[in-house]
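Hi,

Here is the structure I said I would pass on.

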Amino acid sequence: MSDKPTILVGRKLPPAVEARLARDYNAILNTDDTLYTSEQLIELSAQVDAILPCHSEHLSADVIGKLSDRVKAIANFSVGYDHVDIEAAKARGIIVTNTPDVLSDATAETAILLMLGAARRGSEGDRMVRAQAWRDWSPSFMVGTQVTGKRFGVIGMGRVGRVTAARARGFDMDIHYYNRSRLSGDLEAGATFHDNVDSLLASADVLSIHCPATAETKGLLNAERIALLPDGAVVINTSRGGVVDDDALINALKSGKIFAVGLDVFNGEPSNIHPGYRELDNVFLLPHIGSATKETRVGMGYRALDNLDAIFAGKEPGDRVA
Ligand code: DGY
């Protein structure tokens, strides 16, 4: 074994990323892509200088508390880091990084896919054709709601929110946003700023959620806030499921208050999502694939490695979150 740092890699990564890992580190690769249990992560931590996890690995305060002292860094292969207890990492002096920017385009593409799939009843139509249940055509058949020229409301106008807004402008949509602080004129690009979520909701024919999952945003889209949306709004979420109150959203889908939703992220994902979604036609559902393009997966891997390279060179990593 060389004196290169040893990295525990949480999941199978693209060949180019694993090749760079093998070149520059002693990499413990996850060749069969099996999800490590907390116990395995803790046990393996005795052999490694850093962990490179995805959002599928949960590094709770309890797990972080039991990691070996040898672990210097957690370099996430993700922009979101709600799967890592940041305070626990800080308390142990473990550096935590994420991978912003490189996935903004891919995630914005998914947000637009969700918007169109929900507004134009994509899942329902697909299921009908596959089930050989398509019997007729008439002007009243499978009528959706048009998004062109409508108001596109963004909660969280960070990198992904801004790229998604730019794509929505391609549909002549009028962009409104809520963000903790107002953006500069350049970044705002003519969008209307709302200094509170409630005001934004009243202006969102399509609502797109892009804020991170934190204690403050948990259940943010609840029954009271849904009531503020225009009747027949479309809601899309590529952020984290925790931002949504599922019961409230499902009730609004059933009542018709919300025309349709497009969701890529869920409470309880992957295997314990609210069963109510599966029973509804007016939902367009994807399995958390917002950033799942070949290009972006390589970009995320390289970004995580750039952070590790900086850390082990004794420099400040570009994407430090703790
Ligand atoms: C992210 O990067 O946060 C995506 O949700 C994939 O993990």
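**Around His 55**

His 55 is partly exposed, because its relative accessible area is 26%, which lies between the 20% and 50% cut-offs. Bear in mind that this is a predicted model. You'll find His 55 in the loop that runs between strand S3 (50-52) and helix H3 (61-66). Leaving aside residues up to four places away in sequence, His 55 touches Ser 78, His 83, Arg 240, Glu 269 and His 288. With His 288 there is also a polar contact, side chain to side chain, at 3.4 Å. Asn 76 sits 21 residues from His 55 along the chain, and their C-alpha atoms are 7.7 Å apart.

**Helix H1**

Next stop is H1, residues 15-24, where Val 17, Glu 18, Arg 20 and Leu 21 are buried. Looking down the helix axis, these buried residues fall within an arc of 160 degrees, so they line one face of H1. Strand S1 (6-9), strand S2 (26-28), S3 and helix H12 (294-312) are among what covers them. On the face turned away from that buried side, H1 carries the exposed residues Pro 15 and Arg 23.

**The cavity**

How many cavities of 30 Å³ or more turn up? The count is 1, and the largest cavity has a volume of about 40 Å³. Its lining consists of Asn 237, Gly 241, Val 244, Asp 246, Leu 249, Leu 263, Val 265, Phe 266 and Tyr 277. By type, that lining splits into 6 nonpolar, 2 polar and 1 charged.

Cheers

How values were computed. Residues are numbered from 1 along each chain as its sequence is written. This is a predicted model: local features need pLDDT of at least 70, side-chain atom pairs count only at pLDDT 80 or more; totals for chains, interfaces and linings use all residues. Side-chain values use heavy atoms; hydrogens and water are left out. Helices (H or I, at least four residues) and strands (E, at least two) are DSSP runs, numbered from the N terminus. Buried means under 20% relative accessible area, exposed over 50%, partly exposed in between (1.4 Å probe, protein chains only). Contact means heavy atoms within 4.5 Å. A polar contact is a pair of N or O atoms within 3.5 Å; within protein, one must be able to donate a hydrogen and the other to accept it, and residues adjacent in sequence count only if both atoms are side-chain atoms. On a 1 Å grid over the protein atoms alone, a cavity is a set of points where a 1.4 Å probe fits but cannot get out, and a pocket is an open set with protein on both sides within 12 Å along at least five of seven lines; lining residues have an atom within 4 Å of a point. Grid points are joined across faces, edges and corners, and a volume is the space filled by probe spheres set on the points. Ala, Val, Leu, Ile, Met, Phe, Trp, Tyr, Cys and Pro count as nonpolar, Asp, Glu, Lys and Arg as charged, and the others, Gly among them, as polar. The arc is that of the directions from the helix axis to the C-beta atoms.
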